[in-house]
Amino acid sequence: MHRDDSVSAILEGLNEIQARGVAHGEGPLLILAGAGSGKTRVLTSRLAHLVAARGVAPDAVLAVTFTNKAAGEMRVRVQKLLGPTAQAIWIGTFHSICLRILRRHQEALGFRGNLTVFDADDSLSLIRQILKESGKTDDPVRAADARSAISLAKNRMIDPERLESESAGPGGRRIARLWRLYDARLREQDGVDFDDLLLLAVRLLRENRSIGDAYAQRFRHILVDEYQDTNRVQLELVRRLAERHGNICAVGDDDQSIYRWRGADVTNILGFERHFPGTAVLRMEQNYRSTRRILDVANAAVLKNAGRMPKTLWTENEPGEAVRLFLAEDEEQEARHVARRIREEVRGGASLSHLAVLYRTHAQSRAIEEACIRAEIPYRVLGGIAFYQRKEVKDLLAYLRLLANPHDEVSFRRAALAPRRGAGEMTIDRILSEARARGVDLLTACERAREWGMEGRGFAALADLAAYLMTLVPRIDEKPHVLLEEIAHQIGYREYLRSQSEAEWEDRFAHVLELIEGARGYEDAEESAGVVDFLEQVALYAQSDKLRDDEERVTLMTVHNAKGLEFDAVLVTGLEDGLFPHISSLTDPEELEEERRLFYVAVTRARRTLTLTASRSRRRINRMAGSDLSRFLSEIPEELLEIEGRLHAATARFPARRAATAKELHEEAAQDSEDEWDGPIIAREPAAARVAGRTLVRHVRYGIGEVLSVDGEGEKARLEVRFPGWGTKKIVRSYLVPVGRG
DNA sequence: ATTATTGATTTTTTT
DNA sequence: AATCAATAAT
């Protein structure tokens, strides 16, 4: 029978535990899946098995993943096993699934039109606006802090009242007050922030019995991946949805819980059996991904953690190459070594797309990028300043968002100001408050401002803008890229960019074209490709979701971004105390454990080779700082590491170095940097720059340049220096070294 | 209303 | 060192 064939194909090649996970019938199931144990395989096979072997309707199955990329991959793999029926399975991230639910019940929730997702950036703009309106310039609440406090509270399902009563100082009350204003203003604009997506969905399912019951009835089976990183709202959502059938299958690894700071709660996975009585537990500890040596390092890495379920990964794989450790003098040397290792891997036959360089913070990418450029290694950086957060991209999207939702004040403000059209903050604020007071949308308000006695250049300009956008409203179902192209042209965005920056406008306009191309690509890939869907995609999809591995490039990214991915060769950089583990975690044992798990995640991304690097000194913010080796390295038995490179002599002192105090290392680093420079720093010789004739100075980054003028005195004096090839820069004296006079 | 200048702040991680 | 927001100047 064809059906038996496909079922046996689904089960083929699975080990016994994996097969049990796939074939598990009714009732809650917890799969504790170590890194590289084949959990994605089990999840996809289980999805396919439910439909093909157990006859569950595809649209009665819900699968939740951590990233959209993982969702996409799962869909492709299930489709291979099931064919087109797989299309009906609900697969997505918590956020995308909640948005899907909210959209279906838009009216019941009281939204007037298209609900609009505010990303973190938009939320921050709104909070800034509210703070500004409240007029208290001395308010000590910083907008960014307030935003993250509100976000964290929402993820923990704490309401403003509780935040108010539970916080000791006046800070909690201020934030609670701001929070209420913020939520009210969001709703006025038909807006929801990221956290609202989850929170409103849970509220809808809980408070509206018939809707909640309908979904609980509908989803006979629920699968959740990366369960260790779920937060309180997500737990409540899953609980409500699994209430009727109790068929929840959670897959996760407590050792890979790395999102505590975002509200993730490891007790969700640790307490799973309590939350869902009658749970069957499966443990998958055989690793199929990494070599034995890499796995040894991984096991050692996480051993020191106290709050974990005890387990040890094992493998039948070959021992493989030794795990290398390279200790550099400074970050440039570290970066050069990274480039060298990449070239070695390529020479050994590895594909660039299967190599990754990982670091703790985005700021570390720069040195590595420069080394890659010099070594002519193609690379791509994931994260950082995300494409969709660029000003020129957000500007244009604001017009599109305004079409989709004419109540969106944040987009209105942005569109009205870029390009400048003679209407300033004042005009915009008056339109916003008038629209709010009269209960009309912003485009209507602009068009009717004149009738309401609001006249002047600014209002006329906004009326023109509104009139133009109104002509586009009936065309909202046309292709997004066509509309974007037309808007960019109509508003003269190219000319605007050119007027803004002589030096950068071409790059920025290239981003505009990239956006338009991106929209076109999206239209080709999706069947529902209207403006609303496009904007949703933009809001919910992270950069890593678009990672394509068919490009021959090395990937540079943070360890967080690397979660769930695997590479033939992995380089983990910046293994210094204070960086990885990050300095902010050193005082809190629980945060330190999270850093350790993060290190574990980094190590377990590697299939074939793993290289660890650290630097004795590093520029942080703006000064050199010496660092101790990461304590995580000292927790790995030395015989598991092969210390390599020119610095063999220095690193041979590895155990001794570990004992050295930070102060000693700092002095040593300072000594090193002095040796490199061929003169004392200018600050010790304030007169030097004033001597007649050409004064030449050296700068770490720009090289040698000529001093044109001096502004101020002492260390803080700012010198104007012309560097050949870099142009004229204003630089504080203490960063410059005199190299003699011409 | 717009632009120039100064001053503060930044680097932890992101769906 | 560079970006961004508040402030001053036009």
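Student: Which residues of α10 meet which residues of α12?

Tutor: In this predicted model, L198, L199, A201, V202, L205 and R206 in α10 meet V233, Q234, E236, L237, R240 and L241 in α12. By class, that contact of α10 with α12 has eight nonpolar, one polar and three charged residues.

Student: What makes R206 a contact residue of α10?

Tutor: Contact means heavy atoms within 4.5 Å, and R206 is listed among the residues of α10 that meet α12.

Student: Why is α10 called roughly parallel to α12?

Tutor: The axes of α10 (residues 194-207) and α12 (residues 232-241) come within 9 Å and cross at roughly 30 degrees. Angles under 35 degrees count as roughly parallel, so α10 is roughly parallel to α12. The crossing of these two helices, α10 and α12, is left-handed.

Student: What makes α10 and α11 roughly perpendicular to each other?

Tutor: Again, start with the angle. The axes of α10 and α11 (residues 209-218) cross at roughly 100 degrees and come within 5 Å. The range for roughly perpendicular is 65 to 115 degrees, and α10 and α11 therefore belong to that class.

Student: Which residues of α10 and α11 meet?

Tutor: L204, L205 and E207 in α10 meet R209, I211, G212 and Y215 in α11. The residues of this contact of α10 with α11 divide into four nonpolar, one polar and two charged.

Student: What makes β3 and β8 edge strands?

Tutor: Six strands form an open sheet with parallel pairing, in the order β3-β2-β6-β7-β1-β8. Strands β3 (90-93) and β8 (280-284) each pair on one side only, and they are the edge strands. From one strand to the next, the twist averages 15 degrees.

Student: How do you know that β1 and β8 pair?

Tutor: Two strands pair if there are at least two bridges between them. Strand β1 (residues 29-33) and β8 have five bridges, in the parallel sense. As an example, the bridge partner of L30 in β8 is V281. Helix α2 (residues 16-23) packs on this sheet, where it touches β1 and β8, and its direction makes about 145 degrees with that of β8.

Student: Why is one side of β11 and of β17 left without a neighbour in the sheet?

Tutor: The sheet in question is open and has seven strands in the order β11-β12-β10-β13-β14-β9-β17, with parallel pairing. Strands β11 (379-381) and β17 (641-643) stand at its edges with a single partner strand each, so one side of each has no neighbour in the sheet. Here the twist averages 25 degrees from one strand to the next.

Student: What makes β9 and β17 a pair?

Tutor: The requirement is at least two bridges, and three bridges join β9 (residues 323-328) to β17, the two running parallel. R324 stands opposite E642 in β17.

Student: Why is the pair of F580 and F599 called edge-to-face?

Tutor: There are twelve aromatic pairs in the structure. In the pair of F580 and F599, the ring centres are 5.9 Å apart and the planes are at 85 degrees, so the pair is edge-to-face. The cut-offs are centres within 6.5 Å for a pair and planes over 60 degrees for edge-to-face. F580 is in the loop between β13 (567-572) and α28 (589-603) and F599 is in α28, so the pair ties together parts that are 19 residues apart in sequence.

Student: Which kind of peptide bond joins F580 and P581?

Tutor: A cis peptide bond joins them, with omega about 10 degrees. P581 lies in the loop between β13 and α28. Most peptide bonds are trans.

Student: What is the phi of M157?

Tutor: M157 has a positive phi of about 60 degrees although it is not a glycine. Most residues other than glycine have a negative phi. M157 lies in the loop between α7 (143-155) and α8 (160-166).

Methods:
Residues numbered from 1 in each chain as written. Chains lettered and ligands numbered in written order. Predicted model: local features only at pLDDT ≥ 70, side-chain atom pairs only at ≥ 80, totals over all residues. Heavy atoms only, no water. Helix = DSSP H or I, 4+ residues; strand = E, 2+ residues; numbered from the N terminus. Axes fitted to C-alpha atoms, helices over the stretch in contact; angles between N-to-C directions. Phe/Tyr/Trp six-rings, centres within 6.5 Å; stacked < 30°, edge-to-face > 60°. Parallel < 35°, antiparallel > 145°, perpendicular 65-115°, else oblique. Left-handed = near helix turned anticlockwise from the far one by under 90°. Nonpolar A, V, L, I, M, F, W, Y, C, P; charged D, E, K, R; others polar.
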